[in-house]
Amino acid sequence: MLLQRDVSDRLDVANREQVRSLITSVTDNYIVSHLLDVSAADRDRIVASLVGDVLGFGPLEPLFSDPEITEIMVNDANTIFVERRGRITRSPIAFESDEQLMSIIQRAIGNLGRRVDESSPMVDARLADGSRVNVVLRPVVPRGAAISIRRFSQKRLTIDDMLAAGTASPAMVAYLRAAVRSRASIIVSGGTSSGKTTLLNVLSRFIPEGERIVTIEDARELQLEHENLVTMQSRPPNVEGLGAITIRDLVRNALRMRPDRIVVGECRGGEALDMLQAMNTGHEGSLSTIHANSPEDALSRLETMVIMAGMDLPPKAIVRQIAAAVDIVVQAERVRGGARRIVRIAETMGLHEGEIQMCDLFAFNQTGVSADGDAIGFHTATGQRSRFLERFRVSGEELPESIFEPAAIPGS
């Protein structure tokens, strides 16, 4: 603790390299002056621990350097889990005490301009690398504190990566490419950690060059390479609760920026109304994600979120807006074993007796479970033809009829 205080008193935390260099120097001097018998490996661990305590999340810092970890979950000072390749396992890492855990939380959240304490025990924040951090303290969490950190890959996933991982079939990819390029408006639906944002990222790369794109996100995760691109991020309120810029604020502003396409990282509130209006007024081909368990649930949630906008629209008008705006819903899911799959691709088919009708074109059929507990299955077309085939053809994206033929059951 004396060494940690000596380091902390002399640090300018804005300069990470200077901090690391100073910590190394102070550690070496401390070891020499106290005639300590410390191996090179132990010395490096001491330096790493101090750097983690001062600059980041303490014992969790090594987990941030593991590219395979997509989620870090702290239940309490002694209980930490991580997710690798869709599987959750317990980490041997632990905090020294509840006090160390709380100290690191306060330092890390404070450096991000946020506040968390017993009077305001829940906070969401974003790290510099785009990772999302959620912290919950007492009295909400009786055991002291819980941290959830969602990490995002810095690698730009491609269609080939998606096909190799079994996320989709070549027929699905061909259909989605034609849909995006012919300006169909698409909603990607799914549960938490089902791969919605990754899929949205891949779909956005089908947008033709020459179109002006405005992306709107909470944390920058989309990795578009278009020349005519504007990226916007929301901003949380400051310590005083002021200065917030919401997704809805950004969607409204985007309409004044002459976009050909608007890509919203996630619709979760009143911005759904603005997004639907954009799709219905010259911004076809826009893309977004939504938390829902099925394409039908996704449209129901959209209806609920439009109501949240507070415009007092009659339910029939809301449903008509959704039916006119949304062309395709792509359902992503983390199947048994942790793999992420596109499990349904459905088109909207208009209204019947006040309800939006949907037609499934592609699906993932699970046929069993492997010895390791992984889902076994295959992607197939349902046999239904897309209602957009003529639209695809006019846009130069003609598809062969064969991609809509159901696949044979493997092994049959």
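The model is predicted, so local features need pLDDT of at least 70 and side-chain atom pairs count only at pLDDT 80 or more, while totals for chains, interfaces and linings use all residues. Residues are numbered from 1 along each chain as its sequence is written, and side-chain values use heavy atoms, with hydrogens and water left out.

**Exercise 1. Overall picture**

Task: Find how many helices and strands the protein has, and what percentage of its residues is buried.

Solution: Begin with the secondary structure. Helices (H or I, at least four residues) and strands (E, at least two) are DSSP runs, numbered from the N terminus. The protein has 13 helices and 15 strands. Next, turn to burial, where buried means under 20% relative accessible area, exposed means over 50%, and partly exposed lies in between (1.4 Å probe, protein chains only). Of the 412 residues, 48% are buried.

**Exercise 2. The six-stranded sheet**

Task: Work out the strand order of the six-stranded sheet, then follow β5 to its partners β4 and β6.

Solution: Two strands pair if DSSP finds at least two bridges between them. With that in hand, the order reads β3-β2-β1-β6-β5-β4, an open sheet with antiparallel pairing. Its edge strands are β3 (87–90) and β4, each pairing on one side only. From one strand to the next, the twist averages 15°; axes here are lines fitted to C-alpha atoms (for helices over the stretch in contact), and angles run from 0 to 180 degrees between N-to-C directions.

Now take β5 (residues 132–137). Five bridges join it to β4 (residues 122–126), and D124 has N134 as its bridge partner. The two strands form a hairpin with five residues between them, and G130 in the turn has a positive phi of about 95°. Towards β6 (residues 145–150), β5 makes six antiparallel bridges. There V135 stands opposite I147, and L137 stands opposite A145. In a regular strand, side chains alternate between the two faces of the sheet.

**Exercise 3. D249 and its setting**

Task: Is D249 buried, partly exposed or exposed, and which backbone atom does its side chain reach?

Solution: First locate D249 in helix α9 (residues 247–254). Its relative accessible area is 35%, so D249 is partly exposed. Then look for a polar contact, a pair of N or O atoms within 3.5 Å; within protein, one must be able to donate a hydrogen and the other to accept it, and residues adjacent in sequence count only if both atoms are side-chain atoms. The side chain of D249 reaches the backbone nitrogen of T246 at 3.0 Å. Lastly, compare with V116: D249 and V116 are 133 residues apart in sequence and 25 Å apart in space, C-alpha to C-alpha.
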